[in-house]
Amino acid sequence: MSVETLRGRNALGAGGLEAVIEHGRIRSLTSLADADESAPWIGPGLIDLQVNGHLEGDANAADPSPAHISAMALSLAVHGVTRFLPTVITASAEEMRARIRAIADAVRSSTDVSRTVAGIHVEGPSLSEQDGPRGVHPAAHIRPPSIAELQTWLDSAPGLLRVVTLSPHHPGSVEATRFLVAHGVRVAVGHTHASDTEIAAVVDAGATLSTHLGNGAHAVLPRHPNYLWTQLAEPRLAAGVIADGHHLPDATLATMIAAKRDHGVFLVSDAVATPAALRDSGHSTVGGGVHLAEDGALRHVSTGFLAGSVQTLDVGVATVARVTGSLATAMRLASAAPASVLADGPHWTAGARADVLLFDWAPGDARISPREVRIAGELIETTPAAHATAGGIA
């Protein structure tokens, strides 16, 4: 691969930036005093640690297939996402294993998938059984953690299990946390109604993350204490937050970012598959029946609970930039912050993999608009035609 030089306005700082790419790696990053205001912004590719599906690609398809994961990798890349964790949600033990195996098969069989899929996030099945915290996870399949079941996940996808979300109220949560951490898996607190003591116990056992903090919760909570305050205050928990304009009001999002500034906070999309039936009619049987509301939120038809998001991180970055007044902050929360969770090596520095995003954005825009997306230095198609194929309503 020849040496390539990319220039633009520095999305993570002031002035301009020149990135030199060679053999799929960043050879150098050089600050430039001035930047052409008509030039695109330049920064690292986006990293999403919670993606249930996107458009036709579905990590939770009834008929799991590596093709679903390949479809997700392609459509997400159009939106600037260069690495992600396909997220398997609560289902029967057999269904969850089949979905985990499909992801592992996709990684083994495709170079394009293996360089974008950073691992697997399993959200469930050991979540709260209560309405509200459970979200749209099926109540029939909520169950306490089982070391035997966790071992089947590790066996089904060697080296790929990266994050497991659980509710600490279940018996065996501490033992499960210790087991997962010992096998190199990050444990996240989420979809929970756990007490302060129960949350502290899994954190002491090694839990280090909060899954989409502020969501997967009761509609009404005690003023204090409650499990949101507990996680916000816990310095050992880095929090994922959904900034799609629906899951968290602006004031809540801003407060969480500020509260977690020194503890760790990162953006996730919680995107779900939006098959043609949903895009065409606004209704789908996904999650037992969801509909696309007039405000663009995906909600369960009977409870009104949010059922994941149809937005991707390009929207999240623009939302945080608007709420905080800082594009640099937003880009860090969608790139460097999740990269630190993955801890897979150098990021956005000389020697790091050349995942580079050139994009357009101005204050007030609803999303950033990629001009060029490079994964390991390779240019990904982001033409209007590609957006029509991979963009949909996301």
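Reply: Happy to! Helices α2 and α4 are roughly parallel to each other (angles under 35 degrees count as roughly parallel, over 145 as roughly antiparallel, 65 to 115 as roughly perpendicular and the rest as oblique). The model is a predicted one, in which local features need pLDDT of at least 70 and side-chain atom pairs count only at pLDDT 80 or more, while totals for chains, interfaces and linings use all residues. Residues are numbered from 1 along each chain as its sequence is written, and side-chain values use heavy atoms, leaving out hydrogens and water.

Me: At what angle do α2 and α4 pack?
Reply: Helices (H or I, at least four residues) and strands (E, at least two) are DSSP runs, numbered from the N terminus. Axes are lines fitted to C-alpha atoms, for helices over the stretch in contact, and angles run from 0 to 180 degrees between N-to-C directions. For α2 (residues 93–109) and α4 (residues 147–156), the axes lie 9 Å apart and the angle is about 20°.

Me: Which residues of α4 make the contact with α2?
Reply: Contact means heavy atoms within 4.5 Å. On the α2 side, the contact is made by Ala93, Met96, Arg97, Ile100, Arg101 and Ala104. On the α4 side, the residues are Glu149, Thr152, Trp153 and Ser156.

Me: Which residues of α4 are buried?
Reply: Buried means under 20% relative accessible area, exposed over 50%, and partly exposed in between (1.4 Å probe, protein chains only). The cover over the buried residues of α4 includes α2, β8, β9 (161–166) and α5 (173–182). Those buried residues are Glu149, Leu150, Trp153, Leu154 and Ser156.

Me: Is His170 buried or exposed?
Reply: His170 sits in the loop between β9 and α5. Leaving aside neighbours within four places in sequence, His170 touches Ser126, Leu127, Glu129, Ile142, Arg143, Pro144 and Pro145. With a relative accessible area of 8%, His170 is buried.

Me: Which residue does a cis peptide bond join to Pro125?
Reply: Pro125 belongs to the loop between β8 and α4. Omega is about 0° for this cis bond, and the partner of Pro125 is Gly124.

Me: What is the phi of His191?
Reply: His191 lies in the loop between β10 (186–189) and α6 (196–205). At 6% relative accessibility, His191 counts as buried. Its phi is positive, in a residue other than glycine, and is near 45°.
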